[in-house]
Amino acid sequence: PRPVLLGRSRGGLQLLSWAATHPDRVAAFAGIYPVCNLTNYPGVGKAAPAFGLTPAELGASLRAHNPIDRLAPLAAARFPLFAIHGDIDKLVPLEANSGLLATRYRALGGTVQLIVPPGQGHNLWSGFFQSTDLVDFVITHARR
């Protein structure tokens, strides 16, 4: 009845934003090196047109649009999060995205599982896509 959203890279932005707006319609979120922070990637200047805003307007209203700033409704709904994110990702750095997501979400009382494969970046390493932890998370929460 409620899907588990799976966001890879920039898909994290769209799916986490949608989930924050509709926490009652989603069972959970799982991400493979998900982008969670507009200021980090793609950056406010490049993201602004997607919101129909100028960079200045998006910057002024960032907390209303940035997934990393919209976690409270998800935590209140006891919405579980999962991310697998390499420790040497230069395009979507772990610390500014999944790492910050985990820190902020836990501070709100939310549950998050973060797997950090050493020596992996923003690539097509099979371990991201064949992670038994990710598959188990999705199956567990899809059954609820």
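1. The model is predicted, so local features need pLDDT of at least 70 and side-chain atom pairs count only at pLDDT 80 or more, whereas totals for chains, interfaces and linings use all residues. Residues are numbered from 1 along each chain as its sequence is written, and side-chain values use heavy atoms, with hydrogens and water left out.

2. The structure holds 4 aromatic pairs, a pair being rings of Phe, Tyr or Trp (its six-membered ring) with centres within 6.5 Å, called stacked when the planes are under 30 degrees apart, edge-to-face when over 60 and tilted for the rest. The rings of Y33 and F128 have centres 5.0 Å apart and planes at 90 degrees, so this pair is edge-to-face. The pair links distant parts of the chain, since Y33 lies in the loop between β2 (28–32) and α2 (44–47) while F128 belongs to helix α7 (residues 126–129), 95 residues apart; helices (H or I, at least four residues) and strands (E, at least two) are DSSP runs numbered from the N terminus.

3. Both Y33 and F128 are buried, where buried means under 20% relative accessible area, exposed over 50% and partly exposed in between (1.4 Å probe, protein chains only). W125 and F128 also form an edge-to-face pair, at 5.1 Å centre to centre and 85 degrees between the planes. For F128 the relative accessibility is 0%, whereas W125 is partly exposed at 32%. Ring pairs join Y33, W125, F128 and F129 into a cluster.

4. Strands β3 (residues 81–84) and β4 (residues 112–115) run parallel and are joined by 4 bridges, pairing of two strands requiring that DSSP finds at least two bridges between them. F82 has Q113 in β4 as its bridge partner. Together with helix α6 (residues 98–107), β3 and β4 make a right-handed β-α-β unit, right-handed meaning that, with the strands pointing away from the viewer, the path from the first strand over the helix to the second runs clockwise.

5. S9, in the loop between β1 (4–8) and α1 (11–21), is buried with a relative accessible area of 14%. Leaving aside neighbours within four places in sequence, S9 is in contact (heavy atoms within 4.5 Å) with I32, Y33, P34, V35, V92 and H122.

6. P55, in helix α3 (residues 55–60), is partly exposed, with a relative accessible area of 42%. Leaving aside neighbours within four places in sequence, P55 is in contact with V44, G45 and A48; P55 and V44 are 11 residues apart in sequence and 5.8 Å apart in space, C-alpha to C-alpha.
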